[in-house]
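Dear colleague,

I am handing over a structure that I have been reading through, and I would be glad if you looked at it alongside the notes that follow.

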Amino acid sequence: MKTWEILEGACLSCKKCPLWETRTNVVVGTGNKNSKIMFVGEGPGEQEDLQGQPFVGPAGKLLDKMLGAIDMKREDVYITNIVKCRPPYNRDPKEEEQSACMNYLRYQLKLIEPKIIVCLGRIAAKAIISPDFKITSQHGIWYEKKGYYFIATYHPSALLRDPSKKYHAWEDLKKIRDKYLEMNNL
Ligand code: SF4
């Protein structure tokens with residue numbers, strides 16, 4: 001039987017990839033464990049590592065605003081990352097680190113059973129939707145696999161670096177809101 005206690009216990013003691021050596025905290029995820037929608041980023045940053053929570057730094061504040069723009073609160077959704085430990089200096093998580101950690105995300109999917117999975121940024125989209133995913137041309141497109149609806153939009157950090165992408169993210173968010181309402185009315 002799968003339980004949150006088993007998952008959290010496994011994550012907190014995990015040494016399956018070298019990221020355990022430099023982490024302060026394992027960041028498993030946060031939010032509504034019965035939500036129909038799950039947001040997945042690439043990995044914890046500095047603040048997330050220090051606080052043990054995903055998306056709590058500047059990118060997290062922007063994510064909260066993005067959710068607010070589509071009438072959602074953090075408590076309505078579940079938020080996690082591909083890797084549960086911070087890559088040093090905020091580098092991209094390596095493929096072998098992502099592979100080592102992926103079973104935890106699969107386990108979370110089994111526990112939560114969301115209908116919609118939103119990939120925040122290129123790394124999450126490549127890991128979840130397709131290895132050759134191109135965020136600039138494929139964001140905002142729905143993909144359906146094994147009963148899940150997947151979509152990718154820009155990572156809030158990318159929007160902070162390049163605000164010109166915000167318009168595209170807003171268009172994606174509206175699609176996410178519509179699908180979420182549709183799923184909740186089923
Ligand atoms: S990133 Fe994932 S696989 Fe690597 S040590 Fe942390 S929990 Fe384990």
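Strands (E, at least two residues) and helices (H or I, at least four) are DSSP runs, numbered from the N terminus.

Before going further, please keep in mind that this is a predicted model, in which local features need pLDDT of at least 70 and side-chain atom pairs count only at pLDDT 80 or more, while totals for chains, interfaces and linings use all residues. Residues are numbered from 1 along each chain as its sequence is written.

In a regular strand the side chains alternate between the two faces of the sheet. In β4, I116, V118 and L120 point one way and I117 and C119 the other, and all of these are buried. On pairing, which needs at least two bridges found by DSSP between two strands, β4 runs parallel to β2 over 4 bridges, and F39 has V118 as its bridge partner in β4. β4 is also joined to β6, again in the parallel sense, by 5 bridges, where the partner of I116 is Y149.

The largest nonpolar core has 46 residues, and V40, V118, C119 and A124 touch the most other members; such a core is a set of buried Ala, Val, Leu, Ile, Met, Phe, Trp, Tyr and Cys residues joined through C-beta atoms within 7 Å. Among the elements that give two or more residues to this core are β2 (37-41), β4 (116-120), β6 (148-153) and α8 (166-184). If residues up to four places away in sequence are left out, V118 touches I37, F39, I151, T153 and I176, a contact being two C-beta atoms, placed from the backbone, within 7 Å.

Turning to the ligand, 14 residues lie around it, of which C14, C17, W20, C85 and C101 come nearest, where near means that the C-beta atom, placed from the backbone, lies within 6 Å. The helix α4 gives the most to this shell, with 3 residues.

For the chain as a whole, there are 8 helices and 6 strands, and 41% of the 186 residues count as buried.

With kind regards

Key
Buried ≥ 20, exposed ≤ 12 C-beta atoms within 10 Å, placed from the backbone.
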